[in-house]
Amino acid sequence: KVSVRRALRRSLNIPAVKIFYDIGKDNDYKVPIDRSAQLLGINAQSEIDSRFGREASTVLGTGSVSLAEMVNAYSVFANQGQRRVMNSILSVEDRDGRVIWEPWTDIEKYYRDNKKKLQVVSAQNAFLLTDILKGTVHSPDGFLYKAKRRIIASGRPFPDVELAAKSGTTQLWSDGWVLGYSPEITLGIWIGFKQYGLSLGYGQDGAVILGDTWVDYMRMAHLSSNKESLHFQAPANLSRIKVCAASGKLPSDACNEELVYPEYFLPGTLPKVTCDECSRVKNQRQQGLSNFSSDIGIFGDMDFSGSSIEVDEDLLLDDNSLFDDDGGYDFEDEDAEPLIPNEPTESEPVVEPVKVKEEVIKKVEEVQTVISENDAEEAETENVTVEMPVEKIDDSITEVQTNKDVETPLVTDATSDN
């Protein structure tokens, strides 16, 4: 089992496909595809149908989307669920330097007059996704966490700003990108090829190639704003309570503190039952320990109710009868020699390493003598080969000493058919 929070933070594909399938299986995937297209600013049904196939693979990015469209979609979550208009013109001046038009004045009026229309995602849902994506930068297992730590470790200042991000990579590492935002800025970076079929290189995904660049750009952009701190603010009607990570339910007495963390919930979705996963796991562990104690039969009345086993070493050292297979080795005798692993029994041939080494060297010398008595052409005709060089013999002898299953190294004889 894995939570949606961890699945999204770690870019796990299978949970994403499963959620997409559960939502769209009864409507030919129309609901999840059309909803996602609206975030991209695509509203015409004909364009949606032509660009995105109604199949489960669409959730993994089989449709073509521009970087500008992706940045526009992510800006919705940065603005508490409201769509924003992309604009590249800050102002227009006449030849005398007087400002005659500032597009942002008209855009802000448009936002005020169409606030309800522009609310494409609820503020609560937008914040939940933002809170999850924060983990990619600020949680130790997030894919951009190390990039941030490297910047801080280098001595460069890092502002007190919360960031949320997600990486993306196409098949065979042909394209990579990182998209994310802060409360003030939405930033997307893409790298790839115009020609289809080329690759950035094995394992060169978006986070690997662009992660440090994305984090550092956001760092510099917010340092220049001179604001002390920027944090995402939770909207009203969200509840925040502690749950157990093992089950997502209310923590029970059996839950370890390390698994308990605060989580946000929409109205009507608060968990009502306590965690039963941790107690089940503990019961299984205790049952396994009890079975182990019963099978071994040497631990007496030891208590296995704790989370670990404490063994009385004196009990083991004082009673040699517990070790019937130790060949009479006395644990209290400091001068006793340890047994040789895999010591051969009477029915097994005893391998004498020194004798084996001498025989192998002798055989190699015989082959070398044959080669020296023939010219190079005859040696090639007879196909004389030595399968193991002399300098490798010592290593092979070591294997014979430590592992009885290793066969003695062989040298091909000059007269052999092999």
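In the predicted model, strand E5 spans residues 176-181. Of its 6 residues, 5 are buried, so the strand is largely enclosed by the rest of the structure. E5 has pairing partners in E4 and in E6.

Strand E4 covers residues 164-169 and runs antiparallel to E5. The two are joined by 6 bridges. Within this pairing, Gly168 lies opposite Trp177 of E5. E4 and E5 form a hairpin with 6 residues between the strands. In that hairpin, Leu172 adopts a positive phi near 60°.

Strand E6 comprises residues 186-191. Its pairing with E5 is also antiparallel and again involves 6 bridges. Here Leu179 faces Gly188 of E6. The hairpin of E5 and E6 has 4 residues between its strands.

Charged contacts were examined next. Across the whole structure, 20 salt bridges are found. One of them links Lys30 and Asp34, with the closest N and O atoms 2.7 Å apart. Both residues belong to helix H3. They are separated by 4 residues, about one turn of the helix. Lys30 has a relative accessible area of 37% and is partly exposed. Asp34, at 10%, falls under the 20% cut-off and is therefore buried.

A second salt bridge connects Asp49 with Arg54. Its closest N and O atoms are 2.7 Å apart. Asp49 is partly exposed, at 40% relative accessibility. Arg54 is partly exposed as well, at 26%.

Asp96 and Arg98 form a further salt bridge, with 3.5 Å between the closest N and O atoms. Asp96 has a relative accessible area of 55%, which is over 50%, so this residue counts as exposed. Arg98 is likewise exposed, at 53% relative accessibility. Elsewhere, salt bridges with shared partners join Arg5, Asp131, Lys134, Glu162 and Glu263 into one network.

The surface also carries a nonpolar patch of about 330 Å². Val4, Ile19, Ile23 and Val31 make up this patch. Val31 lies in helix H3, residues 30-39. Its relative accessible area is 46%, and the residue is partly exposed.

Terms used: Residues are numbered from 1 along each chain as its sequence is written. This is a predicted model: local features need pLDDT of at least 70, side-chain atom pairs count only at pLDDT 80 or more; totals for chains, interfaces and linings use all residues. Side-chain values use heavy atoms; hydrogens and water are left out. Patches are made of residues with over 30% relative accessible area and no salt bridge: like charges are joined within 9 Å, nonpolar side chains (Val, Leu, Ile, Met, Phe, Trp, Tyr) within 5 Å. Accessible areas come from the Shrake-Rupley method with a 1.4 Å probe; for residues, only the protein chains shown count as cover. A salt bridge is a side-chain nitrogen of Lys or Arg within 4 Å of a carboxyl oxygen of Asp or Glu. Buried means under 20% relative accessible area, exposed over 50%, partly exposed in between (1.4 Å probe, protein chains only). Two strands pair if DSSP finds at least two bridges between them.
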